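Dear colleague,

Please find the structure below, together with its sequence.

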Amino acid sequence: MSNSGEGDSSRTATGQKRIYPSALELGPRKKPTTQDPLVHRGRHFGRAVHAFCNVPTLLTNGIVLLSEGGGDTLESLTVDERKEFAAFRELLRAVPGLESRLLASSEEEVVEIGELIQKGINGARADDTKGMKGAIIDWITPKGQSLSPHIPRNVKSGRGFNHERTGALLCPAGLDWTNIQTRTKLMNGEIQVPGDQWPVFLYADYSYDPEDPWNGLLRSGLLVSAYKHIFTSPSSVDQEPKATRSGNARIHGMRCVTKASIAYVATQTRFSLTSAQVFSRTDLITDSERFYSSIMELLDDPDESDEVDQLITWWNSRQIFPLYTTTERLPSKNSALARIRQKRAAYKELHDTHRDS
């Protein structure tokens, strides 16, 4: 019996020694994978900036505007063109070195860059759709109870208006789900629900006040759970928010919610409640792109800025980012840090006095 040293070995057909890993060594957990940085950046862009844009076209049109003077030509643009250019500028800020890279690239290379970013957007959306498919069943099931009939975590056919619980949540604000005729028409499709007719689950306590339609809008507990699931971590849904928690937000340096991220989470939540099998921007039944766009139109409306600012503050300070603040943080009075800064300021003042004298 020969001694094979570190691990076993044998000869290949060509006479070369084949080395087998030792059974006493754990080895790598999985094969190392590499992801293009543009794909990585695209994942966050789709979640936090714009979920449904055509990135190659966005880049092509953006480069044209840059060459024509960029911001100097904004006054001549339509509202939609301004929004598109704003998204383009956000993408440039999100990807270091992208602007110079684009300006030095050929048309074909620009398209390739756009396709990589688009791959990230589509991949993140697919991952979030898959992850929320089962998780949302836990969130809508009352604690200590079960849904009747049961909704499997991996099956969507029994959701939407086909089920009492999901139907009540998807019922358009202003309609009465408890009304038998309304419920029947929603179930059999006699009442078609376009994307800009928002479901009641967007509202806090699932309660809509037609006299005050802003009251509770985009503040439901279901949306908060979905936001935490996507941006902080699935495990954070049932736990108190912590500044040290790792997740998509921290990975990408996200320290406050964006209007687009709220719209994205609302869109993912709505789709998870429906019976639709495949997330498609062109699906006229779920009408997801129109739903997303209609929320963004409201949040971007200058006339609604006061309400939107209050909404963003509510999300930041009370729900997702507990350390969020719009004011400068001063060291606590009488703390060691405060005392050090006082001493440093006094030293600088004394030094400056001597230098000037």
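Rings of Phe, Tyr and Trp (its six-membered ring) pair if their centres lie within 6.5 Å; planes under 30 degrees apart count as stacked, over 60 as edge-to-face and the rest as tilted. Please note that this is a predicted model, in which local features need pLDDT of at least 70 and side-chain atom pairs count only at pLDDT 80 or more, while totals for chains, interfaces and linings use all residues. Residues are numbered from 1 along each chain as its sequence is written, and side-chain values use heavy atoms, without hydrogens and water.

The whole structure holds 9 aromatic pairs. In one of them, the ring centres of Phe52 and Tyr292 are 5.2 Å apart and the planes stand at 70°, so this pair is edge-to-face. Phe52 and Tyr292 are both buried (under 20% relative accessible area, 1.4 Å probe, protein chains only; exposed is over 50% and partly exposed in between). Phe52, Phe271, Phe279 and Tyr292 form one aromatic cluster.

The charged end of Lys156 sits over the ring of Phe271, 3.7 Å from its centre (NZ of Lys or CZ of Arg within 6 Å of the ring centre and within 35 degrees of the ring normal). Likewise, Arg270 lies over the face of Phe291, at 4.6 Å from the ring centre.

Tyr227 and Phe231 both lie in H8, 4 residues apart.

Yours sincerely

Terms used. Helix = DSSP H or I, 4+ residues; strand = E, 2+ residues; numbered from the N terminus.
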